[in-house]
Amino acid sequence: MRNITLSQAVNEALAEEMRRDETVFIIGEDVAEAGTPFKVLSGLVEEFGTDRVVDTPIAEPGFMGLAVGAAMTGTRPVVDLMFGDFIYLIMDQLCNQAAKTHYMSGGKLNVPLVVRTNLGATRRSAAQHSQSLHALVAHIPGLKVALPSSAYEAKGLMKTAIRDDNPVVIFEDKLMYNDKAPVPEEEYLIPFGQANVLREGSDITLIGTSSMVQVCQQAAELLASEGVSAEVIDPRTIVPLDEETLLKSAKKTSRVIVVDEGHQSFGITGEIASRINEKAFYHLDAPVLRMGAMDVPVPFSPALEDITVPTPEGVAASARKLMSGEMIHAA
Amino acid sequence: MSPAKKTSNTEDYLRMYRQMVRIRTFEDNANQLYLSAKMPGLTHMYSGEEAVAVGICEALEVTDKITSTHRGHGHCVAKGAAFKEMFCELLGKEEGYCRGKGGSMHIADQSNGNLGANAIVGGSMGIATGSAFTAKLLGRDDVTVCFFGDGATAQGLMYEVMNMAALWKLPVIYACENNGYSEYTATDEIAAGSIPARAEAFGIEAHSVNGQDVLAVNQLTQDLVARARKGEGPFFMELMTYRYHGHHVGDINREYYRRKDEERDWKDNKDPITLFGAYLTKEGIATKENLAEMQAAIEADAAAAVEYALAAKYPDTSEVDMHVFTDVKHALA
């Protein structure tokens with residue numbers, strides 16, 4: 001199978017869906033000739049024209065609101081939000097309008113749109129271009145949230161998102177745009193709400209999202225060399241969440257660490273840990289551990305930034321503590 | 001009244017009058033339901049502004065779209081909604097337009113092109129502009145009218161979407177209902193400069209019109225809609241009008257921001273229904289008796305709809321987690 005970058009995978013997904021359905025269009029800042037700062041969309045405007053690859057003024061609430069109205073009336077917009085940090089700017093249109101329209105209208109109006117944006121620190125971009133804010137979105141009923149962890153995942157999840165009749169927010173890991181992975185030539189979709197077990201294990205479960213999937217896989221390698229068998233699971237979408245697969249693994253291994261790049265407090269890790277505690281409590285040999293980004297704004301200095309996000313070594317160290325029973329008596 | 005072309009417009013004029021009376025009657029009933037504690041929540045009366053909604057919506061086809069506001073009952077009626085489903089919605093009943101999930105501030109009636117009322121001031125400006133974007137992208141000839149109040153001109157979203165609408169020549173008409181008050185504050189205190197000039201800054205043709213004169217509103221809208229269909233949009237209208245009630249139904253003691261004699265002057269001298277009724281009788285289009293009969297029929301219709309809605313059933317509690325997502329019957333199951 002050929003290897004392509006995550007950027008190319010997203011580009012292919014968009015091109016395929018735009019060929020398939022003429023109501024799909026892309027809208028955002030510098031999406032056309034510029035192809036975005038990350039060059040993910042390069043070439044699309046040549047094929048689809050500026051009517052369907054629409055450069056906007058720098059006005060995130062405006063083009064987000066416009067996309068909501070366009071989606072309500074028969075199109076499938078893909079909103080390009082240049083940095084995940086800008087999600088604060090579109091909150092009213094995303095959370096008060098897009099998320100609630102189907103419900104408030106008693107099921108009469110649909111908002112089939114995709115917001116594609118990104119997450120991830122360690123790019124030396126400081127506090128306003130480095131955040132991982134998917135928990136904010138996942139908190140709001142009516143929005144689906146996908147977190148691709150490779151080029152393969154990014155393509156399959158994007159195609160599913162575009163065909164979904166609900167608002168979907170996809171957060172790509174901006175540090176992975178140039179990472180290559182095997183991606184089939186033939187068409188495929190990845191259904192939402194179906195977690196991917198990347199590595200089977202029997203001693204401990206590492207649940208990782210997005211950028212943290214590879215961190216968990218590397219941690220599993222480290223642990224394997226010490227004789228600890230770690231299972232690695234990527235939920236792929238956090239709304240909907242494949243609880244069944246996560247609980248099955250928790251019951252099997254009896255120890256779980258949840259790793260996510262959002263801030264640790266009030267975040268994805270806490271939510272997943274809670275669900276496992278509530279539904280698999282008697283199968284657990286240790287508390288479910290949360291590992292998120294430090295609860296600090298992302299600092300600029302590399303010396304500081306690097307210590308704010310979970311690392312394979314950190315995850316492996318926490319796993320050892322769980323295996324040794326240390327955490328049980330921590331309180 | 002503006003000089004009207006009295007040709008074969010009799011039916012149109014009578015329908016406009018009827019629609020204005022329907023709105024006033026709807027609001028009188030809604031007000032009573034609220035004051036008698038039969039209606040939950042909060043609501044905002046459109047009374048006094050009827051010529052705006054009717055003058056505009058009578059210039060639209062059913063395929064044309066509108067977005068509405070928290071003060072939205074008038075837009076909803078004017079775009080073709082029925083009393084029964086509206087009162088059911090106001091009372092949170094299953095047969096409401098939104099199965100009781102939206103209520104007064106969120107009525108949507110997509111069968112008539114009403115994309116919904118919005119409880120965020122200025123919140124639907126993006127939606128209206130996006131609806132016009134769809135028309136352009138898919139080559140449809142429908143036009144979208146975005147209703148909003150003077151208060152919403154303070155929201156940044158308006159400037160962002162007007163900029164895009166002007167750049168891309170979208171078939172949208174921004175209709176600013178200037179009723180002189182931004183919630184509990186005089187508009188003069190919150191809006192610097194001229195309101196139409198805000199649109200003109202983007203190169204959008206803007207008009208200011210007497211919003212109590214249904215024919216003036218209707219003629220202007222007909223002209224702008226026809227031009228918007230030909231790709232000459234967007235347009236901006238400022239409609240000078242007045243709300244008879246407070247900001248919301250419970251806003252009773254409002255002399256700290258609005259004088260009673262001012263309210264009296266608008267009701268006595270600038271009422272859109274009284275003015276148009278006088279015009280119809282003067283021009284021989286209808287007699288006073290005709291109009292009284294029409295009003296009595298509408299009142300009976302409203303009373304029957306209220307009675308129906310009061311007796312109608314609430315949605316089953318199993319509906320609480322329905323319609324969160326289109327493809328999941330029960331989101332919490």
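**Figure 1. A proline loop in chain A.** Pro240(A) sits in the loop that runs between β12 (237-239) and α8 (243-253) of chain A. The model shown here and in the following views is predicted. The peptide bond leading from Val239(A) into Pro240(A) is cis. Its omega is near 0°.

**Figure 2. A cis peptide bond in chain B.** Gly233(B) and Pro234(B) are joined by a cis peptide bond. Here omega is about -5°. Pro234(B) belongs to the loop between α8 and β7 (235-240) of chain B.

**Figure 3. Backbone of Ala126(A).** Ala126(A) has a phi near 70°. That is a positive value in a residue other than glycine. The residue is part of the loop between β5 (114-119) and α5 (134-138) of chain A.

**Figure 4. Packing of α2(B) and α8(B).** Two packed helices are described by the angle between their axes and the distance between the axes. In chain B, helix α2 (residues 50-57) packs with helix α8 (residues 214-229) at an angle of about 35°. The two axes are 8 Å apart. The crossing of α2(B) and α8(B) is right-handed. From α2(B), the contact uses Ala51(B), Val52(B), Val54(B), Gly55(B) and Ile56(B). From α8(B) come Val214(B), Val217(B), Asn218(B) and Thr221(B). By class, the residues of this contact are six nonpolar and three polar, with no charged.

**Figure 5. A salt bridge within chain B.** Over all chains, the count is 47 salt bridges. One of them pairs Asp142(B) with Lys65(B). The closest N and O atoms of this pair are 3.6 Å apart. That falls under the rule because the cut-off for a salt bridge is 4 Å. The pair links distant parts of the chain, 77 residues apart. Asp142(B) lies in the loop between α5 and β2 (144-149) of chain B, and Lys65(B) lies in strand β1 (residues 65-67) of chain B.

**Figure 6. Buried area between chain B and chain A.** The contact draws 44 residues from chain A and 38 residues from chain B. About 3,200 Å² is buried between the two chains. Carbon and sulfur atoms give 67% of that area. On the chain B side, Leu137(B), Phe325(B) and Thr326(B) lose the most area to chain A. Together they make up 18% of what that side buries.

Figure 7. Side chains of opposite charge can pair when their charged atoms come close. Between chain B and chain A the count is one salt bridge. Asp327(B) forms a salt bridge with Lys144(A). Their closest N and O atoms are 2.8 Å apart.

Figure 8. In chain B, α5 (125-138) and α6 (156-167) each supply at least two residues of the side that touches chain A. The largest share, nine residues, comes from α5(B). By class, the residues of this side of chain B are 19 nonpolar, 13 polar and six charged.

Definitions and conventions. Residues numbered from 1 in each chain as written. Chains lettered and ligands numbered in written order. Predicted model: local features only at pLDDT ≥ 70, side-chain atom pairs only at ≥ 80, totals over all residues. Heavy atoms only, no water. Contact = heavy atoms within 4.5 Å. Buried area = accessible area lost by both parts, 1.4 Å probe. Salt bridge = Lys/Arg side-chain N within 4 Å of Asp/Glu carboxyl O. Helix = DSSP H or I, 4+ residues; strand = E, 2+ residues; numbered from the N terminus. Nonpolar A, V, L, I, M, F, W, Y, C, P; charged D, E, K, R; others polar. Axes fitted to C-alpha atoms, helices over the stretch in contact; angles between N-to-C directions. Left-handed = near helix turned anticlockwise from the far one by under 90°.
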